[in-house]
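Trainee: I've got a model open and I'd like to learn how to read its ring contacts. Can you walk me through them?

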Amino acid sequence: MGRSVTPARSPSLPHGTVCNPSWDRLVRARGSAVDAAEAGCAQCELEQCDGSVGYGGSPDELGETTLDAMIMNGDTMDLGAVGNLHRVKNAVGVARAVMEHTDHTLLVGEAASAFAQDMGFKAEDLTTNRSLNIFFQWLKTNCQPNFRKNVLPDPSKSCGPYKPEPKQKWRSQKPRTQTDLHSHDTIGMIVIGQNGQVVAATSTNGATHKVPGRVGDSPVAGAGAYADSTAGGAAATGQGDIMMRFLPSYLAVELMRSGIDPTTACKTAISRIKKYHGDFFGAIICASKTGEYGAACSKHPGFGEFPFMVFNSRTNRPVMEKVDCF
């Protein structure tokens, strides 16, 4: 699973790490917790972490890569997000522009791309040889796997175009025997500043082979991430189409507000999803306003533990920690 990041409290600057240690130098040269969260996710977008963040990954049914991102200021409860963003690499930067230059929370699709260009972001192709190869290999296997159901022709055997199947012929969906764990991945960051400000941010290129127009959990407040400086922050990764129905990040933060420790808050948020979707895979990181942190994940074939990074005054460097899934 992904390079989720949980920085705990620092005595001087908000810290975190993403794909390499150079991020720390970038953060030290800046200052605010919002800057730190944006910089961390932007670095991962640039480095295409795990192929699931940034350009050149997770092509949709048409072979196009689109991006989702969000950033949330836990002091003001302001939030900016973008979904299904086309042709702009710095998705988390555009999310911050939504937060700082509009009264809106979420912009999506081509209109979000037009907004980004108006704000000075460069329009460029997000396709790479790697993403094209993933797309063409998928076409060769009759578009397997995909996210269609109750349509004709049979989506388990053929590509579209699809039309609705008569309702009387709908069948129970068979669970997929294989799941690409890297096809639902996200960079999630929680940053706690010297003054106690909590900021959360996410960025992803979404689910591989998704239906064009799909927006996952990452840019949805309370689903992909949530921050409240009076309680803490949380960020999630995994099967977003399932996880967003349960607002796990919001739930975890509210549990920490009530005095529950971060690890238990994370486990409770995951357990709530497992009650209805026992075979889902996903993970969540949690950090309290005092800098305590924890994580939890749902056990799935090929996914028995969840790694996450911590950078705080105790470690003074990026340290990978792991939790066993349940």
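Mentor: Let's start with a charge over a ring. In this predicted model, Lys 274 sits over the face of Phe 326, 5.7 Å from the ring centre. Lys 89 does likewise over Tyr 55, at 4.0 Å from the ring centre.

Trainee: And how do I read a pair of aromatic rings?

Mentor: You describe such a pair by how far apart the centres are and by the angle of the planes. The count here is seven aromatic pairs. One of them joins Phe 135 and Phe 136: 5.5 Å centre to centre with 45° between the planes, so the pair is tilted, as planes from 30 to 60 degrees apart fall in that class.

Trainee: Are Phe 135 and Phe 136 buried or partly exposed?

Mentor: Phe 135 is buried because its relative accessible area is 10%, under the 20% cut-off. Phe 136, at 45%, is partly exposed. Ring pairs also bring in Trp 138, making a cluster with Phe 135 and Phe 136.

Trainee: Which kind of pair do Tyr 293 and Phe 308 form?

Mentor: That one is edge-to-face, with 6.3 Å between centres and 75° between the planes. Tyr 293 belongs to strand β12 and Phe 308 to strand β13, so the pair ties together parts 15 residues apart in sequence. Phe 308 is buried at 3% relative accessibility, while Tyr 293 is partly exposed at 21%.

Trainee: What about a record's site annotation: where does Arg 214 lie?

Mentor: An unreviewed UniProt entry lists Arg 214 under "binding site", with Val 215 also among the residues named. Arg 214 lies in the loop between β8 and β9 and is buried at 15% relative accessibility.

Notes. Residues numbered from 1 in each chain as written. Predicted model: local features only at pLDDT ≥ 70, side-chain atom pairs only at ≥ 80, totals over all residues. Heavy atoms only, no water. UniProt positions renumbered as here; feature names shortened; annotations may be inferred. Helix = DSSP H or I, 4+ residues; strand = E, 2+ residues; numbered from the N terminus. Buried < 20%, exposed > 50% of the residue type's maximum accessible area, 1.4 Å probe, protein only. Phe/Tyr/Trp six-rings, centres within 6.5 Å; stacked < 30°, edge-to-face > 60°. Lys NZ or Arg CZ within 6 Å of the ring centre and 35° of its normal.
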